[in-house]
Amino acid sequence: MTAVLRVPGLLCAAALFLTASLAGCSSDGGGGKDDDAGGGASAGTPDDFGCLTPEEAERASITFPSEDGSETGAYAPRGGSGAGIVLAHQSDGTACQWKDKADELNKAGYRVLAVNSTGPEVAEIIGAAGYLRDKGAEKLLLMGASKGGTAVLAAAPRLSPQPDAVVALSAPEQYSNMNAVGAVPELTSPVMYMVGELDSDFGAGVKEMNRKSVKSSEHKLVYVRDESAHGVALLYDDTRWATVRDFLAKYGS
């Protein structure tokens, strides 16, 4: 243990220069210590993901180990003692894309983990699921938008046990090296697919994945006519958001 030097007045600056390990310095000779990192799992400044206030980042910015061992960031509001829910964002977003819905779900009692994806998405989802289960979540839900939807569909069959339910919004059949259409035939979890009719070619792919979800105890397709909204934007409509919440509650309660 390095001793703390007590140096009066103007000599304080010189003491700091000469002693890199000095714990602190002030005109009255008192010492100090660095603050803890706050909500993160490792030392450092909590990540605001581009949308959190400093207070929110301190309380709810965490890191967790991905399946491949790398550290992944997430927005995880405190509280909630019910089912754990992993939220996976689109390719054009961050954890901030889910913040409003994450806060709402947290207030409803869910343990929420909105992943801030920077690496292999499936490995991140598997790591997030393990984190929530380790924290005591007895039930597990996965929900992803666009790329995130592909990720949760590809990850779900690899989990043991599989999640209690999965929601995929505007999910491509394949994205990068993720193959959702090849994974869903092994999915036994209840699954809800939601897509807009006018959302490019996503509708045909979502319909195909719904058809192939033959082992799922329930596979539900919400095909929104005359709608071009994509991913999380589908939930800006209160009726659709209520449909998703009801599905989550059905299997997460």
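This is a predicted model: local features need pLDDT of at least 70, side-chain atom pairs count only at pLDDT 80 or more; totals for chains, interfaces and linings use all residues.
The model holds twelve salt bridges. In one of these, the side chains of Lys147 and Glu121 meet at 3.4 Å, taken from N to O. Lys147 belongs to helix 5, which covers residues 147-155, whereas Glu121 belongs to helix 4, which covers residues 121-134, so the pair ties together parts that lie 26 residues apart in sequence. Lys147 and Glu121 are both buried.

The side chains of Arg211 and Glu208 meet in a salt bridge with an N to O distance of 2.6 Å. Both residues lie in helix 7 (residues 202-212), where Arg211 and Glu208 are three residues apart, about one turn of the helix. Arg211 has a relative accessibility of 51% and therefore counts as exposed, since the exposed class begins over 50%. Glu208, with a relative accessible area of 22%, is partly exposed.

A salt bridge also joins the side chains of Asp237 and Arg240, with an N to O distance of 4.0 Å. Asp237 counts as partly exposed because its relative accessibility is 29%. Arg240 has a relative accessible area of 14% and is therefore buried, as the buried class comprises values under 20%.

Strand 1, formed by residues 61-65, and strand 2, formed by residues 71-75, pair in the antiparallel sense over five bridges. Within this pairing, Phe64 has Thr72 of strand 2 as its bridge partner. The two strands form a hairpin with five residues between them, and in this hairpin Gly69 takes a positive phi near 95°.

Leu187 is placed in the loop between helix 6 (180-183) and strand 9 (191-196). Its relative accessibility is 0%, so Leu187 counts as buried. When neighbours within four places in sequence are left aside, the residues in contact with Leu187 are Leu153, Ala156, Pro157, Gln162, Val166, Lys215 and Ser216. For one of these contacts, Leu153, the C-alpha atom is separated from that of Leu187 by 8.0 Å, while the two residues are 34 residues apart along the chain.

How values were computed. Residues are numbered from 1 along each chain as its sequence is written. Side-chain values use heavy atoms; hydrogens and water are left out. Helices (H or I, at least four residues) and strands (E, at least two) are DSSP runs, numbered from the N terminus. Buried means under 20% relative accessible area, exposed over 50%, partly exposed in between (1.4 Å probe, protein chains only). Two strands pair if DSSP finds at least two bridges between them. Contact means heavy atoms within 4.5 Å.
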